[in-house]
Amino acid sequence: MSNDLRDAVRARLAGVPTVAVTGRVKAVSPTMLRLTVPGARIGDRVVVGGPDRRGAPLVASVVGLDDGTVLATPFGSVVGIGAEDLVTLVPGAASVLVGPALKGRILNGLGAPCDDAGPLQGQPRPRDREPPRPLARPAITERFVTGVRAVDGLMTVGRGQRLGIFAGSGVGKSSLLGALARHALCDVVVVALVGERGREVGDFLRDSLGDAGRARSVVVCATSDASAPERLSAVDVATSVAEAFRDDGADVLLLVDSLTRVCRAAREIGLSAGEAPARRGYPPSAFSLLPRLVERAGTGERGGSITAFYTVLLEGGDLDEPVADEVRGLLDGHIVLDRTRAERGQFPAIDPVVSLSRLASKVAPPEVLQYAQAFRRLESLRLEKRELVALGAYVRGSDVELERALQLTPHFADFLAQPLEEPSSLEETDRRLAALFATR
């Protein structure tokens, strides 16, 4: 391998050295390479092409072994790859450079810089690590302040908790993520943008994150045109960066947008490797990666924490579609964005009736829990009886609880709606929540 080619490979793999174990290409498809590479193991990387290959070398990840044939998914286009092309093995777990100097940087799905700000400075860290031991995790006992009133007041989050944001397209998911990144009280923010359109990545950096949010953030992006392995790798890179900050004692906010696109990338890889589709076209491997991924977040053995929000795209608002159903059972709570509320102009369009935090009772003061339960009960009653009221079939004064719910409706709407560029302190949130019930 020439020096130029070796340098290109190292840059592509974010600092992982290559070794002189070689093989050949046997067969090529748009999403899978079949190779002969002695000694290859699952998780290794291979580099396809010799010094005479046009463009950058093609990197692929070993995902299967079949009777002496290595199955590898490419991180780029296979155009120009042919049978008997040279393959060079990069054994060992993939790594990413981590350290305080990553704040403010933008990485691609492989952990290499893509912001024209020079080479990364840091120490290599394996990307695929075991989650913290269950019994070694400190208990979650502190409130995590997001700065979003509806979240802090009605579905209180604990420091180190993992929640899902479930939403259809165009309901304000990216705006809510931007507000969390700007306003949450934490030491560092790590954002993974998986499968987004290129324009939306730029809009998120400029508008949703802003200069202040970007200064304390590490952004990992793999746009929709990136290969399935790179999209899948992006969430591992972001989680590894967050783990490194947590292990140094920092309180980290991890935002992943979205787990649905992560599962779709895993589906492409699994089906290309010959897995049979199971649930609505998803092979088993698309779901088996989720528990290992989300378990890596949470409190750490050294005192730091990762509070994680994972977005899930809902097909037609269906909370029971496979990815949403699987994720909801793995996380410690879920925030549901409602299209009807968004169409009425409520932003963030959080539905307080179906959204919940499973740890709210452990971290929220008793009076906040009491008010949140009353809010949810009255809002649920109003929604249940709204058609009756709209038709004029409800007799005023016949239901004391419903009368109270109708009286508080505009005040509830004011509490839920919040300009996302204006954070709400914990004191203000608690005060406004108590005021809803104090004099009415």
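Modeller: Keep in mind that this is a predicted model. Where shall we begin?

Biologist: What is the volume of the second largest pocket?

Modeller: The second largest pocket is lined by 23 residues, and K173, S174, E196, R197 and E200 lie nearest its centre. Its lining divides into five nonpolar, nine polar and nine charged residues. The volume of the second largest pocket is about 420 Å³.

Biologist: Which element supplies the largest share of the lining of the second largest pocket?

Modeller: Two elements, helix 3 (173-183) and helix 4 (198-215), each supply at least two residues of that lining. The largest share is seven residues, and it comes from helix 4.

Biologist: How many residues in the lining of the largest pocket are charged?

Modeller: The largest pocket holds about 870 Å³ of space. It is lined by 30 residues, with S61, V63, D128, L232 and D236 closest to its centre. Of the lining residues, 15 are nonpolar and eight are polar, while the number of charged ones is seven.

Biologist: Is D67 buried or exposed?

Modeller: D67 is found in the loop between strand 4 and strand 5, and has a positive phi of about 50 degrees although it is not a glycine. Exposed means over 50% relative accessible area. The relative accessibility of D67 is 77%, so this residue counts as exposed.

Biologist: Which residue does a cis peptide bond join to F347?

Modeller: Omega of that bond is about -5 degrees.

Notes
Residues numbered from 1 in each chain as written. Predicted model: local features only at pLDDT ≥ 70, side-chain atom pairs only at ≥ 80, totals over all residues. Heavy atoms only, no water. 1 Å grid on protein atoms, 1.4 Å probe; cavity = no way out; pocket = protein on both sides within 12 Å on 5 of 7 lines; lining within 4 Å. Points joined across faces, edges and corners; volume = space filled by probe spheres on them. Nonpolar A, V, L, I, M, F, W, Y, C, P; charged D, E, K, R; others polar. Helix = DSSP H or I, 4+ residues; strand = E, 2+ residues; numbered from the N terminus. Buried < 20%, exposed > 50% of the residue type's maximum accessible area, 1.4 Å probe, protein only.
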